Structures are given as structure tokens and as C-alpha cells.
Amino acid sequence: MTALLIIFAKEPRPGQVKTRLSPPLSLDEAAHLYHSFIQDILEEMARVPEVRLAMAFTPPEAQVWFRGLAPPGTDLFPQEGADLGERMAR
């Protein structure tokens, strides 16, 4: 049996991700750290044979960026909804 793991992610733009880490990190450093977090979880989960990966990403125009990052076979779809609860329900 295969499980589906959906990872919710934002394109790591400075000032848009991990802002509570600034300070002590700069906005650029926080975005770089977030990018590293996404890479790490994708690489780790791609090695689990019982898991099928999908990514719900934002903003919608970041699809090309996420396609370049995601392992082959990862399903990609833009997040839709006004808040996290609504986006998760969709």
C-alpha cells in the first residue's frame, strides 16, 4: 500500500517565509534556510518507497521553480483558498 504525502510549501522569497527568524537572520538568510528545509524533506521522502509525493505550492506562478526542485514523479498543484484550513481542505 502506498501513502500519499502532500507537502505544502511557499516559494522561498525573502520577506515571505520564516520571517520570525529575522532577526537574528536577514530576510535573505531566512529564505535560504527555508529553501534548504524544502530540499531536505523532498530528498528524504523521495527515498521512502511506500510514499508517493505531492506538493501544494504557492504562489501559482512558482510552478516552474517547484518542478525544478521536486523529484521526478512528484505531483504539483497550486494551493487554493483564503487561509491554511481552506487550502488543506481543497
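The model is predicted.

An open sheet is formed by three strands in the order β1-β2-β3, with parallel pairing. Its edge strands are β1 and β3 (75-78), each of which pairs on one side only, and neighbouring strands of this sheet are turned against each other by 25 degrees on average, direction ignored. Strand β2 (residues 51-58) and β3 run parallel and are joined by four bridges; Ala 56 has Phe 77 in β3 as its bridge partner. Helix α1 (residues 27-46) lies across β1 and β2, and runs at about 170 degrees to β1.

**Surface patch.** Phe 77 also contributes, together with Leu 4 and Ile 6, to a nonpolar surface patch of about 240 Å². Ile 6 belongs to strand β1 (residues 3-10) and counts as partly exposed because its relative accessibility is 36%, a value between the 20% and 50% limits of that class.

Two peptide bonds are cis, as listed below.

| Cis peptide bond | Omega |
|---|---|
| Pro 23 to Pro 24 | about 15 degrees |
| Thr 58 to Pro 59 | near -5 degrees |

Pro 24 lies in the loop between β1 and α1, and Lys 18 is likewise found in the loop between β1 and α1. Lys 18, a residue other than glycine, has a positive phi near 50 degrees, and at 37% relative accessibility Lys 18 counts as partly exposed.

Key. Residues are numbered from 1 along each chain as its sequence is written. This is a predicted model: local features need pLDDT of at least 70, side-chain atom pairs count only at pLDDT 80 or more; totals for chains, interfaces and linings use all residues. Side-chain values use heavy atoms; hydrogens and water are left out. Patches are made of residues with over 30% relative accessible area and no salt bridge: like charges are joined within 9 Å, nonpolar side chains (Val, Leu, Ile, Met, Phe, Trp, Tyr) within 5 Å. Accessible areas come from the Shrake-Rupley method with a 1.4 Å probe; for residues, only the protein chains shown count as cover. A salt bridge is a side-chain nitrogen of Lys or Arg within 4 Å of a carboxyl oxygen of Asp or Glu. Helices (H or I, at least four residues) and strands (E, at least two) are DSSP runs, numbered from the N terminus. Buried means under 20% relative accessible area, exposed over 50%, partly exposed in between (1.4 Å probe, protein chains only). Two strands pair if DSSP finds at least two bridges between them. Axes are lines fitted to C-alpha atoms, for helices over the stretch in contact, and angles run from 0 to 180 degrees between N-to-C directions. Contact means heavy atoms within 4.5 Å.
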